[in-house]
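Here are my notes on the model you sent over. Have it open while you read, and go through the points in order.

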Amino acid sequence: MDFIPGGELSRRIRAGDISAESELIRQFEPGLRVLLRRRTGGDVGLLQDLVQETLLVVIQRLRGEGIDDPGKIAAFAAQTARNLAIASLRKAERQRTDVDSEATERNADPSRGVATLAEDLEAALAVRALLRELPQTRDRLMLKRFYLDDHDKEIICRDMQLSEAAFNQALSRARRRFRQILEERGFTRRDLLSSGL
Amino acid sequence: MNQHMIEQYVAGRMSEADAAAFEDYCVENPEFARQVELEQRLRAGLAQVARGSTAEFVRTEARWKVALAAGVLLFICAGAFLWQRSAAVHPNILAAVALDTSRDIPSMRLALVRGAGNTPELPRGLVRVEIVGLFDEGYEYSVVLDRQSNTRTETVATLYGQQPSSSVTLEVLLDGDELRPGSYAFHVLKTNSREEPLDLAFVKP
């Protein structure tokens, strides 16, 4: 997808161009997911909510008063996401100490739990498939040490008597296969925003 | 931005300022963001699998060990079997007939005779065995001597690379004293050929 400059998007959205809003969503949504995934601790339901909320705030702002530097919409969207994540965290903290009706209702929402569970399951299933396919135990242990034990590449390479090039190659192969598995199973398509805005 | 930075970000090893700049870049570059998200999901998936058990990471190694153990066991069994067989095979029972082999030693003629009721008996001592059949001169044959009982057949001796002395005779030397009493059979097979072997029985009294 070609990058559309923020100034151009901003102008079109302000002019009421709905397609420009869709373009903004397509362009910003992956990055916002990255940013918010890091801040939602694996709660994918919350992640989806915050992505939608962020995009809504950004679009409403652009429809209305706009932003000072239209070329910095991405930075504005990222900062909005961070602020919303912080606010959500504070709200969750409050809910832990105050049992109110909203919190009870939220905890009782079954769809939220299912969404979270489904996301975890997708990644876990793909990883299991990947582990089954990796022919060498060395490659699997390498993944474990790198991603789970957070060992440095240098240490892993030394212990496993691997060159860094061989290590990177094996890692790259694993990533590529992981992506393929997700794609084959339809786990990468996310149209979560189509009905939300 | 490169893969190293993705790894640093996903592992939480970036400073807040660097992480913020990285995130701004992600929001502006959806393709790059997808790469980062893949890394996040791979890490999350691995963590979830590992929460159950880390056996998945060494699963095949265990299989490999089982396979190795089975292989070792098979090797030991095969070795024991071959040792047992080789112990039963006496290398001096059968020998090729040389040009200077004496004609004075006893002989036994083995041939397929239609309607023959009696099985030939092996004389004592060294015996010149004349196997009668149709042979291709210039070709090599293997001569296998089996001992037969009601329950099993065991190979007692084998002689490779024998050439027939004529188109109807192949001769070998057999030391009858080395054989236990019982029923025996010669199987004569043409080397590198699918022809049916020639089977001829005799008895050691």
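**Notes on the two chains**

1. Let's start with a pair of strands: strand 3 of chain B and strand 6 (residues 169–175) of chain B run antiparallel to each other, joined over 7 bridges. Helices (H or I, at least four residues) and strands (E, at least two) are DSSP runs, numbered from the N terminus, and two strands pair if DSSP finds at least two bridges between them. In this pairing, B:Val132 has B:Thr169 of strand 6 of chain B as its bridge partner.

2. A word on what you're looking at: this is a predicted model, where local features need pLDDT of at least 70, side-chain atom pairs count only at pLDDT 80 or more, and totals for chains, interfaces and linings use all residues. Residues are numbered from 1 along each chain as its sequence is written, while chains are lettered from A and ligands numbered from 1 in the order in which they are written.

3. Strand 3 of chain B (residues 126–132) also pairs with strand 2 (residues 107–111) of chain B, in the parallel sense, over 5 bridges. Look for B:Ser107, whose bridge partner in strand 3 of chain B is B:Arg128.

4. Now find the open sheet of 4 strands in chain B, with the order 5-4-7-8 and antiparallel pairing. Its edge strands, strand 5 (153–162) and strand 8 (198–204) of chain B, each pair on one side only. From one strand to the next, the twist averages 20° (axes are lines fitted to C-alpha atoms, for helices over the stretch in contact, and angles run from 0 to 180 degrees between N-to-C directions). Strand 4 (residues 141–148) of chain B meets strand 5 of chain B in the antiparallel sense over 7 bridges, and B:Gln148 stands opposite B:Thr153.

5. What is the order of elements in chain B? Reading from the N terminus, you get α-α-α-α-β-β-β-β-β-β-β-β, that is, 4 helices and 8 strands. Of its 205 residues, 22% count as buried (buried means 20 or more other C-beta atoms within 10 Å of a residue's own, exposed means 12 or fewer, and partly exposed is in between, with C-beta atoms placed from the backbone).

6. Helix 2 (residues 16–28) of chain B has 13 residues and spans 18 Å from its first C-alpha to its last, close to the 18 Å expected at 1.5 Å a residue (the expected span is 1.5 Å times one less than the number of residues). Among its buried residues are B:Phe22, B:Glu23 and B:Cys26.

7. How do the chains meet? 33 residues of chain A are in contact with 30 residues of chain B, where contact means that two C-beta atoms, placed from the backbone, lie within 7 Å. Helix 2 of chain A gives the largest share of chain A's side, 9 residues. By class, that side has 20 nonpolar, 4 polar and 9 charged residues (Ala, Val, Leu, Ile, Met, Phe, Trp, Tyr, Cys and Pro count as nonpolar, Asp, Glu, Lys and Arg as charged, and the others, Gly among them, as polar).

8. Zoom in on one part of that meeting: helix 2 (residues 18–39) of chain A and helix 3 (residues 30–52) of chain B pack at about 30°, with axes 8 Å apart. The residues in contact include A:Pro30 and A:Val34 from helix 2 of chain A, and B:Ala33 and B:Val36 from helix 3 of chain B.

9. Is A:Val34 buried or exposed? A:Val34 is buried, because 29 other C-beta atoms lie within 10 Å. The residues that A:Val34 touches include B:Glu23, B:Cys26 and B:Gln40, leaving aside residues up to four places away in sequence.

10. Finally, check two backbone angles. Most residues other than glycine have a negative phi. A:Gln161 is not a glycine, yet has a positive phi of about 55°; you'll find A:Gln161 in the loop between helix 8 (153–160) and helix 9 of chain A. B:Asn192 has a positive phi near 55° and lies in the loop between strand 7 (182–190) and strand 8 of chain B. B:Asn192 is exposed, with 7 other C-beta atoms within 10 Å.
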